[in-house]
Amino acid sequence: MKIIAPSILSADFARLGEEVQAVEKAGADWIHVDVMDGRFVPNITIGPVVCKAVDRVTDLPLDVHLMIKQPELYVEDFVKAGADYVTIQVESTTHLNRTVNLIRELGAKPGVVLNPTTPLSSLEWVLEYVDLVMLMSVNPGFGGQKFIDNSLRKTEALANMIQSKGLNALIELDGGINSKTIKSASDAGCDAFVAGSAIFGSEDYAATIQEFRTLLGEA
Ligand SMILES: O=C(CO)[C@@H](O)[C@H](O)COP(=O)(O)O
Ligand SMILES: [Fe+2]
């Protein structure tokens with residue numbers, strides 16, 4: 001089964017608990033939490049306090065996407081706040097191996113994220129230590145942007161890279177996933193799909209997630 005991870009960035013933050021419970025009831029697999037610091041990306045969102053509040057209202061795994069500089073300073077706070085996966089941008093830290101190890105030592109699953117133009121070669125010496133690689137299929141910072149088409153070729157190349165090394169890291173795509181893009185992303189080798197505006201911007205969350213499952217051939 002493929003994984004559908006609604007991004008709360010597009011939820012109604014005034015009713016965040018209800019929104020998280022609504023997507024859980026609608027069939028989501030993970031909750032994607034976008035953390036932005038106004039330095040790594042030109043936007044500021046939430047921190048561990050909100051992450052902990054989200055964790056209290058759902059049984060789903062929290063997929064925490066850190067778009068912050070020096071994530072090594074904060075990963076412990078997010079693991080304590082209930083993060084199951086902590087994904088860090090390879091561009092955001094000088095000490096990628098150390099930070100990945102730290103996430104695992106703290107008891108969470110480490111993932112790494114690549115911006116749209118960051119080459120796959122940046123994964124060469126870290127791939128074997130992570131549970132997840134996420135490719136940004138938009139420039140990070142905002143929800144509701146258009147899917148960058150060459151993310152599909154990048155996904156195929158990543159799937160080949162993981163397979164040729166005999167590894168089994170999950171591939172996740174983040175940005176511009178909707179009913180028009182999800183099938184080709186899946187065909188390219190994507191396992192987990194982050195969708196913010198396509199789910200929270202829809203009238204009926206369950207119908208949208210069901211439509212995704214049908215397009216993925218799972219209904
Ligand atoms: O990390 C990010 C943006 O930086 C994402 O998780 C977005 O929240 C995805 O939003 P949509 O493109 O699905 O609307
Ligand atoms: Fe994200």
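A residue is buried if 20 or more other C-beta atoms lie within 10 Å of its own, exposed if 12 or fewer, and partly exposed in between, with C-beta atoms placed from the backbone. This is a predicted model: local features need pLDDT of at least 70, side-chain atom pairs count only at pLDDT 80 or more, and totals for chains, interfaces and linings use all residues. Residues are numbered from 1 along each chain as its sequence is written, while chains are lettered from A and ligands numbered from 1 in the order in which they are written.

Q: Is Gly 141 buried, partly exposed or exposed?
A: Gly 141 lies in the loop between β6 and α5. Helices (H or I, at least four residues) and strands (E, at least two) are DSSP runs, numbered from the N terminus. Gly 141 has 19 C-beta neighbours inside 10 Å, so its class is partly exposed.

Q: Which residues is Gly 141 in contact with, leaving aside its neighbours within four places in sequence?
A: Contact means that two C-beta atoms, placed from the backbone, lie within 7 Å. With neighbours within four places in sequence left aside, the partners of Gly 141 are Met 36, Val 41, Pro 42 and Asn 43.

Q: Which residues does Gly 143 touch, not counting those up to four places away in sequence?
A: Gly 143 is also in the loop between β6 and α5. It is buried, because 21 other C-beta atoms lie within 10 Å. Beyond four places in sequence, Gly 143 touches Ser 7, Leu 9, Ser 10, Gly 196 and Ser 197.

Q: Which residues come nearest to ligand 1?
A: A residue is near a molecule or strand if its C-beta atom, placed from the backbone, lies within 6 Å of it. There are 23 residues around ligand 1. Of these, the nearest are Leu 9, Pro 140, Gly 143, Gly 196 and Ser 197.

Q: Which elements give two or more residues to the shell around ligand 1?
A: The shell around ligand 1 comprises 23 residues. The elements that give two or more of them are β2 (31-36), β3 (62-67), β8 (192-195) and α7 (197-200).

Q: How many residues in the shell around ligand 1 are charged?
A: Ala, Val, Leu, Ile, Met, Phe, Trp, Tyr, Cys and Pro count as nonpolar, Asp, Glu, Lys and Arg as charged, and the others, Gly among them, as polar. In the ligand 1 shell, nine residues are nonpolar and twelve are polar. The number of charged residues is two.

Q: What is the largest C-alpha distance in the "active site" cluster?
A: An unreviewed UniProt entry places "active site" at Asp 34 and Asp 174. UniProt positions use the numbering here, feature names are shortened, and annotations may be inferred rather than shown by experiment. The positions are spread over 141 residues of sequence but cluster in space, with a largest C-alpha distance of 10.5 Å.

Q: Which residues is Asp 34 in contact with, leaving aside its neighbours within four places in sequence?
A: Asp 34 sits in strand β2. It counts as buried because it has 24 C-beta neighbours inside 10 Å. Outside four places in sequence, Asp 34 contacts Ser 7, Leu 9, Thr 45, His 65 and Met 67.

Q: Which residues is Asp 174 in contact with, leaving aside its neighbours within four places in sequence?
A: Asp 174 belongs to strand β7. With 25 other C-beta atoms within 10 Å, Asp 174 is buried. Outside four places in sequence, its contacts are His 65, Met 134, Met 136, Ser 137 and Val 194.

Q: How far does helix α5 reach from its first C-alpha to its last?
A: Helix α5 covers residues 151-164, which is 14 residues. The expected span is 1.5 Å times one less than the number of residues. That gives an expected 20 Å, and α5 comes close to this, reaching 20 Å.

Q: Within what arc do the buried residues of α5 fall?
A: The buried residues of α5 are Ser 151, Leu 152, Lys 154, Thr 155 and Leu 158. They line one face of the helix, because the arc they fall within, seen down the axis, is 155°. The arc is that of the directions from the helix axis to the C-beta atoms. Its value for α5 is 155°.

Q: What covers the buried residues of α5?
A: The face turned away from the buried side carries the exposed residues Arg 153, Asn 160, Gln 163 and Ser 164. The cover over the buried residues includes β6 (132-136), β7 (170-174) and α6 (182-188).

Q: What do the buried residues of α1 pack against?
A: In helix α1 (residues 16-25), Glu 19, Val 20 and Val 23 are buried. They fall within an arc of 100° seen down the axis, so they line one face. Glu 18 and Lys 25 are exposed on the other side. The buried residues pack against β1 (3-6), β2, α2 (48-57), α7 and α8 (205-215).
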